[in-house]
Amino acid sequence: MLPLDGIRVLDMGRFWAGPELGVTLGYLGAEVVKIESCSNPDPLRLFARGIYPKGEAGEESWNRSGLVNERNRNKYGIALQIDHPRGREIFKRLLAKADVLCENLSKEGARKLGLNEAELKQANQALLWISLRSRGNTGPESDRVSFGPTLSGLSGILSVTGYENEMYQYVVPGMPDVVAATLAAGLVIAGLFYRKRTGKGLHIDISQLEAASSMVAEAFMEYFVTGNVPGPKGNRSRLAAPQGCYRCRGDDEWVTISVSSDEEWRSFCSAIGQPELVDDPRFADVLSRHKNHNELDAIIEGVTARLSSYEAMHKFQAAGVVAAPVANQAQVFNDPHFAERDFFHAHQQPDVGIFKHRRPALRFSGFDLSVRLPAPRLGEHNSLILERWLGLSAKEIKALEDDKVIGTRPDV
Amino acid sequence: MTFPLLEGVKVIELGQNISAPYCTKLMTALGAEVIKVERPGEGDPTRRLGPFLQGRADTEKSGLYLYLNTGKKSVTLDIKTAMGQKIIKELAASSDLLVENLGLAVLSETGLTYEALSRQNPTLVMCSISTFGHMGPYRNFKGDELSAQAISSAMYIQGDPERSPVKWAEYPFSYVAGLYAFTGSVAALYGARIDGNGQHVDISTAEAGATTLGTALVKYQYAGILERRGKSAMGMFTPCSDGFVILSLAGDMWYRLVKLMGDDIKNDPRFKTETDRLANFGDIEALVSAWTLQFTRQEAVETGQKIGLAIDYVYDIADVVNSPQYQARGFFSEIDHPCAGQLRYPGLPFTIEDSRCQETRAPLLGEHNQEVYTERLGYHADDLAKLFATGII
């Protein structure tokens with residue numbers, strides 16, 4: 001059993017945030033239909049950043065995009081021209097049958113497709129409409145264009161990232177899309193609770209920018225409480241010393257270590273074979289270890305330089321000290337821990353092959369999360385969904401194909 | 001208008017620091033009742049972390065605690081005692097959800113496992129958050145934000161290529177783990193409403209963080225390329241005459257950039273296809289930098305945004321607070337508190353029917369002992385007095 005069995009979701013998401021919400025709902029059992037159009041498919045089908053199987057775009061490149069595959073598993077896919085009068089009519093009928101509509105269109109994009117309160121309520125009183133606008137549905141900048149990297153600058157995240165007291169001039173690796181999408185999935189389910197009680201639908205709008213700022217809430221509290229504008233703190237910590245990222249034996253191999261208490265410090269000294277450091281006044285307590293952090297770092301790197309990053313993790317963890325290797329992508333895929341936790345799901349796609357994609361970061365004792373459907377090809381389930389949801393006949397569907405209201409090839 | 005989506009849901013939080021408290025904070029805003037169980041005398045460690053009003057440590061004036069624990073009830077309880085464990089079991093018996101991030105070792109030590117807690121309440125959902133998760137070869141490892149960022153491969157793509165990898169902000173993965181805990185918990189609660197079965201939800205901070213990493217894992221999986229820290233083809237940091245802006249070249253942004261920068265760059269064979277542009281990213285960066293240097297940040301951003309180019313400012317925290325978008329949307333709200341007084345807080349990052357959830361203040365340490373222990377659990381005043389005297393409460 002999955003909690004969202006029987007829940008029907010229309011997913012008009014593009015790029016990442018919207019589609020990721022659809023993936024999460026699909027994994028939780030919902031019947032998710034990704035709606036694209038031939039004139040305007042998901043941009044990641046056309047701008048795949050070179051992420052194709054073995055780097056080869058191939059024949060139908062729009063169906064071979066790795067990013068599309070990752071962000072659209074557990075969904076059906078239709079390609080419907082909503083800007084065509086018959087497409088619009090079909091869209092309204094699909095809305096009437098849906099429980100949830102999710103999208104991360106721009107305000108302009110949503111407007112063009114007629115996604116507004118009045119129209120949606122008319123189509124379906126009980127619809128849960130979830131929008132993930134990059135800056136939210138309202139406000140003077142709600143029409144502006146943003147992607148993850150620009151949101152990291154606007155949200156304040158970049159200003160508190162990087163080496164201590166230095167301006168960070170790279171893009172942060174983590175994007176707010178998944179943050180917003182994960183929150184959105186929870187809000188959809190909370191909305192379903194509400195709908196069960198009241199029979200009413202809701203419009204919930206998540207601002208990706210605000211979700212991003214929420215990931216550095218402590219920086220805002222520092223500003224509100226002290227008036228200081230916080231900056232980046234590097235790898236060290238106020239509370240733990242030593243804490244840092246230390247070079248290991250291999251090429252560009254590092255291990256992170258945090259020692260949070262005097263007890264852990266004693267264990268650590270034994271683990272690195274230098275128990276006499278416990279009595280060294282330079283490192284007697286957290287304050288002194290902070291004061292003499294540079295010297296301590298040099299001592300530690302003398303030890304870690306002889307170990308691989310994973311050896312270092314095991315060695316220090318065995319002594320009850322927090323340590324973890326700075327894994328590269330290959331190491332994450334090969335890590336026995338992630339493997340045993342079934343973090344990566346392999347799924348087969350026609351013309352693409354078998355690739356592993358990470359599941360949402362959810363594990364349940366009572367729900368079995370799996371890939372029931374590979375990411376859909378463009379318009380792959382036009383017939384199936386129009387027949388299943390709306391009872392359209394083969395003849396009606398063929399007419400729609402002939403009139404290019406539905407299709408399977410990009411027409412850009 | 002408020003929309004108490006989770007009205008009637010009863011939650012117990014055995015939480016500390018960021019992830020579990022953030023999860024249940026979201027729930028209080030949606031109308032759930034959250035009872036936060038804290039250590040007698042000290043409370044949640046964030047009460048001692050600060051930042052503090054007037055720079056002085058005070059259990060009731062820690063900015064981070066005040067933010068993370070809006071809307072909750074606080075009880076004190078020593079869960080290392082047999083009586084404390086008994087009380088937790090009583091609370092769990094009459095609750096829908098228990099969220100914790102105390103770690104496997106503490107749960108084993110105290111006997112507060114899912115098996116024990118659900119015995120009297122088979123519909124109970126328990127949600128555990130930990131760095132490595134509660135199963136797998138690393139399940140007994142200790143973890144923190146830094147180790148989550150390391151093992152997830154986030155740090156491998158973070159920092160200067162000539163220097164050590166560097167951590168991303170302070171606790172982003174911990175917040176993300178809290179979000180997954182929120183979603184996992186409501187999913188399990190929804191399921192429990194359908195078939196009466198509770199369950200254990202296992203959230204790993206390392207996994208949570210790994211899911212936020214844009215393209216690196218997919219790129220490795222499909223093309224075998226290891227992505228290392230350094231300049232990124234997807235997001236450019238570029239200088240203007242008065243500071244820096246960021247530019248994103250995702251999707252069809254290139255075509256908009258070209259409109260602004262002129263025909264030379266449009267017809268340059270180095271930049272014809274997306275693949276070419278990724279390969280010659282360094283050259284693009286050099287040209288864009290030379291171009292943006294002619295403008296102030298405001299000129300560059302306004303001109304770019306006018307044609308739908310994703311170009312924007314790099315804000316510090318004060319800039320963000322004063323930003324027109326956040327001001328207009330009322331993202332920050334003021335909440336009064338008996339000890340901390342009137343303070344501003346970031347609000348929740350969503351609206352329901354265009355209105356924000358109203359949040360209420362964080363509790364004082366043990367503020368709801370009386371209410372919870374006598375009214376809800378039926379203890380008498382003398383029992384309570386004894387529990388106080390023996391330090392259990």
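**Close-up views of a two-chain predicted model**

View 1. B:Thr110 is buried, with a relative accessible area of 4%; buried means under 20%, exposed over 50% and partly exposed in between, using a 1.4 Å probe and protein chains only. What you see here is a predicted model, in which local features need pLDDT of at least 70 and side-chain atom pairs count only at pLDDT 80 or more, while totals for chains, interfaces and linings use all residues. Residues are numbered from 1 along each chain as its sequence is written, chains are lettered from A and ligands numbered from 1 in the order in which they are written, and side-chain values use heavy atoms, with hydrogens and water left out. B:Thr110 belongs to helix 4 (residues 104–110) of chain B; helices (H or I, at least four residues) and strands (E, at least two) are DSSP runs, numbered from the N terminus. Apart from neighbours within four places in sequence, B:Thr110 is in contact with B:Ile79, B:Lys80 and B:Gln85, where contact means heavy atoms within 4.5 Å.

**View 2. Chain B as a whole.** Step back for a moment to chain B, which has 18 helices and 12 strands. Its C-alpha atoms fill a box of roughly 85 × 45 × 40 Å along the principal axes. Of the 393 residues of chain B, 62% are buried. Among contacts in chain B with a separation of 6 or more, 68% come from residues 24 or more positions apart.

**View 3. Where chain B meets chain A.** The contact draws on 148 residues from chain B and 150 residues from chain A. Together the two chains bury about 13300 Å², of which 65% is on carbon and sulfur atoms; buried area is the accessible area (1.4 Å probe) lost when two parts are put together, summed over both. B:Tyr190, B:Tyr222 and B:Ile317 supply 7% of the area that chain B buries against chain A, more than any other three residues.

View 4. Look for A:Glu210 and B:Arg356, which form a salt bridge with the closest N and O atoms 2.8 Å apart. A salt bridge here is a side-chain nitrogen of Lys or Arg within 4 Å of a carboxyl oxygen of Asp or Glu, and the rule finds 14 salt bridges between chain B and chain A. Helix 7 (residues 172–195) of chain B gives the most to the side of chain B that touches chain A, with 17 residues. That side of chain B divides into 88 nonpolar, 32 polar and 28 charged residues; Ala, Val, Leu, Ile, Met, Phe, Trp, Tyr, Cys and Pro count as nonpolar, Asp, Glu, Lys and Arg as charged, and the others, Gly among them, as polar.

View 5. Strand 6 (residues 202–207) of chain A pairs in the antiparallel sense with strand 12 (residues 350–352) of chain B over three bridges; two strands pair if DSSP finds at least two bridges between them. In this pairing, A:Asp205 stands opposite B:Thr351.

View 6. Seven strands run in the order 12(A)-6(B)-5(B)-4(B)-1(B)-2(B)-3(B), with mixed pairing. Strand 12 (363–364) of chain A and strand 3 (73–76) of chain B stand at the edges, each with a single partner strand, so one side of each has no neighbour in the sheet. Strand 2 (residues 33–38) of chain B runs parallel to strand 3 of chain B, joined by four bridges. Here B:Ile35 stands opposite B:Lys73.
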